[in-house]
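Hi,

Here is the model I said I would pass on. Have a look at it first, and my notes come after.

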Amino acid sequence: MTQQQYGKMHPLSQTIRNVTKIFVEMGFEVASGPQREDQWHNFDALNVPQDHPARDMQDTFFLEEKDEQGRSKVLRTHTSSVQIRFMESFLKEGRELPFKIIAPGRVFRQEATDRTHEAQFHQLEGLVVGEGVSLAHLKGTLEHFLHTFYGRPIEFRFRPGYFPFVEPGIEIDLKFGEKWMEVLGAGMVHSNVLENVGIDPQRYSGFAFGLGIDRLTMMKYGIDDIRFFYQGDLRLHHALRKEEIAYNDEISNE
């Protein structure tokens with residue numbers, strides 16, 4: 001008699017669900033937006049200047065479809081565009097600050113494919129805006145998330161980084177074998193970004209972060225090639241399912 005086979009959630013979908021659950025338990029709400037985006041939400045409102053490399057054809061997928069300003073739409077390069085759309089809607093609805101959101105989803109970039117890069121990948125961005133929000137709140141949030149997600153001690157480091165929509169900016173690396181791998185970019189929301197959506201930066205502050213779902217999954221399960229996620233090989237799904245069950249049993253017995 002043939003053993004009955006059951007469907008399994010894709011490893012990346014499983015990670016998105018687990019990460020989302022952690023942040024929802026921390027009081028975040030989930031926001032979403034289109035993958036086909038206009039340049040205002042993808043670049044302009046996020047303080048990305050016209051001469052920034054991200055606007056080059058070799059870094060972004062530009063579409064034939066035009067936006068209201070006659071400029072080519074793009075496949076979103078990050079889910080930061082969702083943050084802009086959320087803030088615009090939030091203020092239009094007359095809601096009161098503060099707020100905390102996460103925006104998980106697929107993003108696209110003109111990447112040279114290798115072990116740690118793909119032209120499409122999954123990202124989750126977070127945004128917190130209110131009075132008195134500081135870099136200490138950001139650090140505490142990310143430390144809590146990383147410890148909760150991995151369920152065990154994980155070596156990571158904070159270092160200065162540059163992103164046009166935050167100031168100051170930081171990058172967070174996780175130890176992957178003997179090497180460090182960047183998995184998070186974060187920082188305090190730039191005053192220009194708040195002004196672009198109509199929030200007073202003299203009264204309010206905020207922090208934002210973006211993490212790579214694919215790389216987090218690679219770190220958790222010891223996968224050394226990001227391309228495995230997109231090849232449809234069921235052996236990967238079966239192997240990760242067994243490891244997930246063993247890992248959950250280990251945690252529950254502690």
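Below is what I found in it.

First, the ground rules: this is a predicted model, so local features need pLDDT of at least 70 and side-chain atom pairs count only at pLDDT 80 or more, while totals for chains, interfaces and linings use all residues. Residues are numbered from 1 along each chain as its sequence is written, and side-chain values use heavy atoms, with hydrogens and water left out.

The protein chain has seven helices and 10 strands (DSSP runs, H or I of at least four residues for helices and E of at least two for strands, numbered from the N terminus). Of its 254 residues, 47% are buried, meaning under 20% relative accessible area with a 1.4 Å probe, protein chains only. Take the contacts (heavy atoms within 4.5 Å) between residues at least 6 apart in sequence: 63% of them join residues at least 24 apart.

Three strands form an open, antiparallel sheet in the order 2-4-3, where pairing takes at least two DSSP bridges between two strands. Strand 3 and strand 4 (residues 72–75) are joined by two bridges, and F62 has V74 as its bridge partner in strand 4.

On the helix side, helix 4 (residues 135–150) packs against helix 6 (residues 213–221). F145, F149 and Y150 of helix 4 meet L216, M219 and K220 of helix 6 in that contact.

Cheers

How values were computed: Buried means under 20% relative accessible area, exposed over 50%, partly exposed in between (1.4 Å probe, protein chains only). Axes are lines fitted to C-alpha atoms, for helices over the stretch in contact, and angles run from 0 to 180 degrees between N-to-C directions.
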